[in-house]
Amino acid sequence: MSSPEEVGGGVKSAHDVVMDIVRRPVHLRDVAAQSYLGGHTFERFQLGDFVLQLLHETSEFRDRAASYRNFGVAAGAWCKGVDQKYGRVLGYNVKVDDTDLVNIHAEDLVTTKAKDANFDQISVLAVIGPTQEDHASSKHTETLHPCGRCRGRLADSPLVRPDTLFVAARPDFTVIQFASLAAIQAVHDDGDDSGITTFRFPETPAILAPRSMPDDWTASRPMMRVEEIDSADYDETVGLYLLQRQGVLGLEVE
């Protein structure tokens, strides 16, 4: 690992140098409350649509992860800011060797970007990565939960509210879990998983499968008709759960 780099007349650590590179906010777009986003007004949007879109984009962002042990993690968040500003930010982990000289967690990057972009609330936070034993609790959960350090930082973050929806998924989306931060913490503190809602699929749901254009596609050809993806397995389980969560719990989802 190189020594700290001198930048702009001051000395920055390697961690700060990397953070300056990756801190740039990534927005889908900013919209006013009365504007349309994804075909729905924000007051009446389908919660399942937004979570589905967030999972797709977060999954694609895993390609940017830099892990010396090939343990790529990505996180994404739907956020709300002042003046009814909405958008999403994405992050990934950066750990180039087995020291902590550069050790950026995906959740840290998301909250940093959200704060820098003047958002003041995270409504939905998604984490996608391979599973492993949690270093703090020694629990091996079905999906990758925020680690002990991240759980503490998220609990202290003013961006995270009691009703912030956490979504954790395996990279192939065969297991998707929904919970609050308090419910995730209960799993690791007391082994109580009653607050975790888990969906298991025998294979990657079609609507969450990676999408790519055919190898022989060229821009000069007429637009090709894209076959409709059967999303029944997702819609009837995850989507229904999200809508029920919004209605039954009376949450104001933003």
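**View 1. The left-handed crossing of helices H4 and H5.** In this predicted model, H4 and H5 cross in a left-handed manner. Helix H4 spans residues 148–156 and helix H5 residues 181–190. Their axes lie 11 Å apart, and the packing angle is about 145 degrees. From H4, the contact draws on Arg151, Leu154 and Ala155; H5 answers with Leu181, Ile184, Gln185 and His188.

**View 2. The largest nonpolar core.** Here you can look into a core of 25 residues, the largest nonpolar one. Ala77, Cys79, Val89, Leu125 and Phe166 have the most contacts inside it. Two or more residues come from each of strand E6 (74–81), helix H3 (106–116), strand E10 (119–128), strand E11 (160–169) and H5.

**View 3. Around Leu125.** Leaving aside residues up to four places away in sequence, Leu125 touches Gly76, Ala77, Val110, Leu154, Leu165, Phe166 and Val167. One of these neighbours, Leu154, also takes part in the contact of H4 with H5.

**View 4. Stretches to read with care.** Across the protein the mean pLDDT is 76, with 65% of residues at 70 or more. Residues 1–9 stay under 50 in pLDDT, and the model gives them 16 contacts beyond four places in sequence. Residues 248–254 are also below 50, with 14 contacts beyond near neighbours in sequence.

Note on methods
Residues are numbered from 1 along each chain as its sequence is written. This is a predicted model: local features need pLDDT of at least 70, side-chain atom pairs count only at pLDDT 80 or more; totals for chains, interfaces and linings use all residues. Side-chain values use heavy atoms; hydrogens and water are left out. Axes are lines fitted to C-alpha atoms, for helices over the stretch in contact, and angles run from 0 to 180 degrees between N-to-C directions. Helices (H or I, at least four residues) and strands (E, at least two) are DSSP runs, numbered from the N terminus. A crossing is left-handed if the near helix is turned anticlockwise from the far one by less than a right angle, and right-handed if clockwise. Contact means heavy atoms within 4.5 Å. pLDDT is the predictor's confidence in each residue, from 0 to 100. A nonpolar core is a set of buried Ala, Val, Leu, Ile, Met, Phe, Trp, Tyr and Cys residues joined through side-chain atoms within 4.5 Å. Buried means under 20% relative accessible area, exposed over 50%, partly exposed in between (1.4 Å probe, protein chains only).
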